[in-house]
Amino acid sequence: MRRASLPFPLAALALFGSACLSLPLQASPASAKGAPPPLNCANPPAINPSLDFLGNFNNKCYLIPMVAGHGGSSGGDLGAEYDQIFYLVQPGYELVIYDQFPSARFLSVTVYDQHAVNTSELLDVNILPQNSTMTNPFQIGVPYQPNQFYGVSVSLGGGVPTTPAAGCSTADTTIDQNLLDASQIHSGLTWTGWPDLPANFPPHLTGANSAGSLMVRKYAIMSDTGVAGVFVRQLSDGCAITAAAAAAQGIVTTNSATGEAQEDTLQIDTHEVFAGEVQPRYCWPRDPTNEVQWVRTQNYVPEINSNAAYLRAPIGADTVQKMISEGGFMQIQFPLPTFPDMPCPTGDCWITGNEQLRYYSMSFEDDEQNVYATIHDTDFVQDPNGNVTLVVGFGTQPPAWVTAANYYTYLDLSQLPNYQNLNQVDIRNILPNSSFNCSAFQIPFNTTEFNNVGGYMGAYVPTVSFVSPSKLPTIPVPPVRVDSCGVKPTVAPTVCGH
C-alpha cells in the first residue's frame with residue numbers, strides 16, 4: 001500500500017509561509033543589536049557581503065519549513081516527528097537542510113529517491129555541528145544543550161558552489177561537509193535477475209534520479225525545537241533563492257500530492273508487489289509458548305527507516321471480538337533491552353555506548369496502518385530484573401492488582417476510537433549495540449521469529465497470551481524461554497507464502 005499523505009492541510013504552505021511553524025532561526029549579528037524591521041519577502045533585503053550564508057538567508061524569506069508529521073496514518077511511531085519535504089532534481093541548485101539538534105533519543109537525515117528508497121543518509125552521531133563552538137548531543141558522553149545547530153547539503157548532481165559570492169559563503173560552517181546525494185537512483189533492492197518473475201513485470205530502473213523526498217526523523221523528543229527547514233542554493237554563486245522562487249520553479253514542495261506525483265509510482269508499486277507478493281515468506285513451526293506468530297517485515301516499505309527493524313504480530317478479528325465479548329485481556333511479556341536515559345529534564349544524561357538498543361517502541365494498529373497507540377521504552381514498567389508485563393484491555397476493568405506497583409503496565413485500548421479493528425502489533429528496534437544479538441535485526445526479512453533452536457531473539461521475543469482476569473497473578477511471573485540469541489538454526493525454514 002502506498003504511504004499515506006502527510007496529515008496536514010498544505011495549501012496554506014504553497015508559498016512556504018512560516019507564520020504557523022517554528023523554524024530553526026538563529027539571531028543574526030544585526031538582530032542582536034536590536035529588533036530588526038519586519039521582513040518584506042516580496043522585496044527581501046540586499047545581501048550583506050560582510051555576513052555569511054546563514055547571516056544573510058536564515059530568515060522566513062529563504063528558509064522553507066518542512067512539514068512535521070507523526071505517522072498516525074502510516075504505521076509510524078506516535079511519539080516521533082517526521083519532518084518531510086519533496087524535491088525535484090534541478091542540477092543548477094543544491095538543497096541545504098538546517099535545524100537544531102533536538103533533545104531526543106534518535107535523529108537521522110535521509111534522502112529518498114523517486115522509488116521512495118533511502119539513497120543517502122546521515123545518522124545523528126555522524127552529523128557535524130554547525131561550527132566548532134557547538135556540540136552534537138548524540139555523540140557518546142555529550143549532554144544535550146539548547147541552540148546547537150547543524151546544516152546538511154544535498155547534491156542534485158551539479159556539484160557544489162565553487163566560487164561563492166560575497167555574503168554567500170558557508171566556509172565557516174560544516175554545511176558542505178555534511179553532504180548527501182540525491183542525484184542517483186538506488187542500485188540495491190532490485191528484482192533484476194530474479195527467476196520466474198510474473199509476465200510483463202516492469203524492469204527495475206536505475207541511473208539518474210529525478211525526484212524524491214527529504215526526511216528528518218526525531219524519536220522520543222523531550223522539547224520541541226521546531227521543524228527543520230530547507231534552503232535552495234544556487235551553484236552559480238552559492239546564494240539562496242527566495243522561498244517564493246523555489247516554489248515557483250517547483251524545486252521543492254510541501255504538497256504531498258504534488259511531490260508523490262513527481263516520483264515514479266510504477267516503480268514504487270512494483271517494489272511493493274515484488275517485496276510483498278513475489279519474494280517468499282519463510283516460516284518455522286509455530287512457537288508453542290506464544291499465541292501469536294511474530295514475523296520480521298519485508299525489506300521494502302516506502303520511506304522506511306533503515307536504522308530500524310520491525311517485528312509484527314497479526315491479531316485475528318475473531319480474537320479481538322472474543323476479548324471484547326468475554327472481558328479478556330492480551331498479556332505481552334518480555335525483558336526490555338537497556339537504552340539511553342536521554343533525553344531527560346535536567347540535561348544531565350547522554351549516550352554511553354553500552355546500551356543494548358538506542359530505542360524500543362510497540363504500536364497497536366489496524367490493517368490500514370492507522371496507529372491507535374504507541375508505547376515507548378520509557379513507558380514500560382519493569383520488575384527488578386528488567387521484565388515487562390503489559391496488559392491490554394478491551395473494555396473490561398482489570399483486576400485491582402494490575403498496577404505499576406506490582407510491575408504491570410496497563411493499556412486500555414477501549415478508550416481509543418475504532419479499537420475493535422485492532423489487526424496487528426508492531427515492535428520497533430532502533431540501532432542495536434553490536435554486542436547485543438537479541439534484537440529484531442537478527443531475523444531475516446519476511447521470516448518468522450521462532451525457529452528450531454528456540455528463536456532468533458531468544459528470551460527477548462514478546463510472549464503473548466489471551467487471558468481472563470482470573471489468570472492475571474498478583475505479581476507477574478516472567479515466561480521461561482530458551483537463550484537462543486545468536487544461535488543459527490540447524491535446518492532451513494519452509495516457504496509459507498509470498
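Mentor: A disulfide is a pair of cysteine sulfur atoms within 2.5 Å. This is a predicted model, where local features need pLDDT of at least 70, side-chain atom pairs count only at pLDDT 80 or more, and totals for chains, interfaces and linings use all residues. Residues are numbered from 1 along each chain as its sequence is written, and side-chain values use heavy atoms, with hydrogens and water left out.

Trainee: How many disulfides does a search of the whole structure find?

Mentor: Five. With the bonded cysteines numbered in sequence order, they pair as 1-2, 3-4, 5-10, 6-7, 8-9. In one of the disulfides, the sulfur atoms of Cys283 and Cys496 are 1.8 Å apart. The torsion about that S-S bond is about 60°, so the disulfide is right-handed. Strands (E, at least two residues) and helices (H or I, at least four) are DSSP runs, numbered from the N terminus. Cys283 is in strand E13 (residues 281–283) and Cys496 in strand E23 (residues 494–497), 213 residues apart.

Trainee: Is Cys283 buried or exposed?

Mentor: Buried means under 20% relative accessible area, exposed over 50%, and partly exposed in between (1.4 Å probe, protein chains only). Cys283 has 11% relative accessibility and therefore counts as buried. Cys496, at 36%, counts as partly exposed.

Trainee: Which handedness does the disulfide of Cys344 and Cys349 have?

Mentor: The torsion about its S-S bond is about -105°, so this disulfide is left-handed. The S to S distance of Cys344 and Cys349 is 2.2 Å, and both residues are buried.

Trainee: Next, sheets. What holds strands together in general?

Mentor: Strands of a sheet pair through backbone hydrogen bonds, either parallel or antiparallel. Here two strands pair if DSSP finds at least two bridges between them. An open sheet of five strands has the order E14-E15-E21-E17-E18, with antiparallel pairing. Strand E14 (295–296) and strand E18 (371–376) each have a single partner strand, so one side of each is left without a neighbour in the sheet. Two bridges join E14 to strand E15 (residues 308–314); in E15, Arg312 is the bridge partner of Val295.

Trainee: And nonpolar cores?

Mentor: In soluble globular proteins, nonpolar side chains tend to be buried together. A nonpolar core is a set of buried Ala, Val, Leu, Ile, Met, Phe, Trp, Tyr and Cys residues joined through side-chain atoms within 4.5 Å.

Trainee: Which residues have the most contacts inside the largest nonpolar core?

Mentor: Met330, Met362 and Phe364, in a core of 42 residues. The largest share, four residues, comes from E17. Apart from this core lies another, of 38 residues, including Phe138 and Tyr150.

Trainee: Last, salt bridges. How many does a search of the whole structure find?

Mentor: A salt bridge is a side-chain nitrogen of Lys or Arg within 4 Å of a carboxyl oxygen of Asp or Glu. The search finds ten. In one of them, the closest N and O atoms of Arg428 and Asp77 are 3.3 Å apart, and the two residues are 351 residues apart in the chain. Arg428 counts as buried at 3% relative accessibility, and Asp77 is buried at 0%.

Trainee: Which residues are linked in a network of salt bridges?

Mentor: Glu81, Asp83, Asp99 and Lys218. Lys218 and Asp99 have their closest N and O atoms 2.9 Å apart. Lys218 lies in strand E9 (residues 211–219) and Asp99 in strand E4, so the pair ties together parts that are 119 residues apart in sequence. Both Lys218 and Asp99 are buried.
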